[in-house]
Amino acid sequence: MLVELSGISKRYKMGDVWVDALKDVSLSLAKGEFLAVKGPSGSGKSTLLNILSALDQCDSGTVHVGGINIGRLGEHQRSKFRNRHIGIVFQSFNLIPVLSALENVMYPLTLRGVKEAKPRALQALRDVGLDQQANQRPTQLSGGQMQRVAIARAIVTQPDIVLADEPTANLDSKTSEHIMTLIQKLNKEQGVTFVISTHDDYVTGLASRVITILDGELVKDSQTNISPLDRHNRVDITELEVKV
Ligand SMILES: Nc1ncnc2c1ncn2[C@@H]1O[C@H](COP(=O)(O)OP(=O)(O)OP(=O)(O)O)[C@@H](O)[C@H]1O
């Protein structure tokens, strides 16, 4: 398995109150999946993505990505892990305004000291249909074009997994459809593994698998079509039968 989350819990303190952002979440993800994470606002979607990308650490449980136990990594190793294994697409694009589209896409490769950064970045821009805009700055691009550049930047390092936290939240519905069709194409044709958090039924409709998080708990997984809570109950019943 590419990703193995086992018994993940995370709490945050809000004033005097503790909030359970994730409660005992376990999840396996294979290479090439297109997973949508759905759930109402505040249910724990961003927390899950932040733990997968090692931006945040869980309080209990283990996270393995590509065989690496990321909970064991120190601060420096975690940022190295992100650069090597994870691509991130943000709601608000997060492009560097003083750099051109091409330079933005080259940036993670430059950080890694890759020599052929420019041809690889140009290819990634071609993959998202934006090679004609390579020399333009983010301010000269539309929202949809900026998100395409951000996707090119996320895939250019050929990461194990691309995480996108509500990538279409700041886009109109037509542009959102274009972005999601692009993501689906990259998943199908290049085998890029995506995990996308969303409120949008259009996004969940395109995904190969949908999990639902409610109050920090994984309550539904379309791959098994059984809620993990039901699964627990079934095991209990079988154990009871064996004992009887
Ligand atoms: N850094 C933090 N400090 C305190 N509480 C936090 C922090 N991050 C998240 N939370 C709390 O954890 C819970 C889960 O938040 P999270 O952002 O993961 O939800 P979400 O499903 O991504 O929501 P949205 O769809 O609105 O982005 C919420 O109650 C939130 O207030």
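Visitor: Which element gives the largest share of the shell around the ligand?
Guide: Helix α1 does, with 3 residues. Helices (H or I, at least four residues) and strands (E, at least two) are DSSP runs, numbered from the N terminus. A residue is near a molecule or strand if its C-beta atom, placed from the backbone, lies within 6 Å of it.

Visitor: Before we go on, what sort of model is this?
Guide: This is a predicted model: local features need pLDDT of at least 70, side-chain atom pairs count only at pLDDT 80 or more, and totals for chains, interfaces and linings use all residues. Residues are numbered from 1 along each chain, as its sequence is written.

Visitor: Which elements supply at least two residues of the shell around the ligand?
Guide: They are β1 (3-14), β2 (17-29) and α1 (45-52). Among the residues surrounding the ligand are Tyr12, Val19, Gly44, Lys45 and Thr47.

Visitor: How do the shell residues divide into nonpolar, polar and charged?
Guide: Ala, Val, Leu, Ile, Met, Phe, Trp, Tyr, Cys and Pro count as nonpolar; Asp, Glu, Lys and Arg count as charged; the others, Gly among them, are polar. Here the shell has 4 nonpolar, 7 polar and 1 charged.

Visitor: Now the sheets. What is the strand order in the open sheet of 4 strands?
Guide: Strands of a sheet pair through backbone hydrogen bonds, either parallel or antiparallel. Two strands count as paired if DSSP finds at least two bridges between them. In this sheet the order is β2-β1-β4-β5, with antiparallel pairing. β1 and β2 are joined by 9 bridges. One example: Ile8 has Val25 in β2 as its bridge partner.

Visitor: Why is one side of β2 and of β5 left without a neighbour in the sheet?
Guide: Both β2 and β5 (68-69) stand at the edges, each with a single partner strand, so one side of each lacks a neighbour in the sheet.

Visitor: Is strand β7 (residues 161-165) mostly covered or mostly uncovered?
Guide: A residue is buried if 20 or more other C-beta atoms lie within 10 Å of its own, exposed if 12 or fewer, and partly exposed in between; C-beta atoms are placed from the backbone. β7 is mostly covered, as 5 of its 5 residues are buried. In a regular strand the side chains alternate between the two faces of the sheet. In β7, Ile161, Leu163 and Asp165 are on one side, and Val162 and Ala164 on the other. Both faces are covered.

Visitor: Which strands pair with β7 in the parallel sense?
Guide: Strand β6 (residues 86-89) does, over 4 bridges. Val89 stands opposite Ala164. Strand β8 (residues 194-198) also pairs with β7, again parallel over 4 bridges. There, Ala164 has Ile196 as its bridge partner. Between β7 and β8 the chain passes through helix α6 (residues 173-190), and this β-α-β crossover is right-handed. That term means that, with the strands pointing away from the viewer, the path from the first strand over the helix to the second runs clockwise.

Visitor: Which residues touch the most other members in the largest nonpolar core?
Guide: In soluble globular proteins, nonpolar side chains tend to be buried together. A nonpolar core is a set of buried Ala, Val, Leu, Ile, Met, Phe, Trp, Tyr and Cys residues joined through C-beta atoms within 7 Å. In this core of 64 residues, the answer is Val105 and Ala152. Helix α5 (residues 143-155) gives the largest share, 7 residues.
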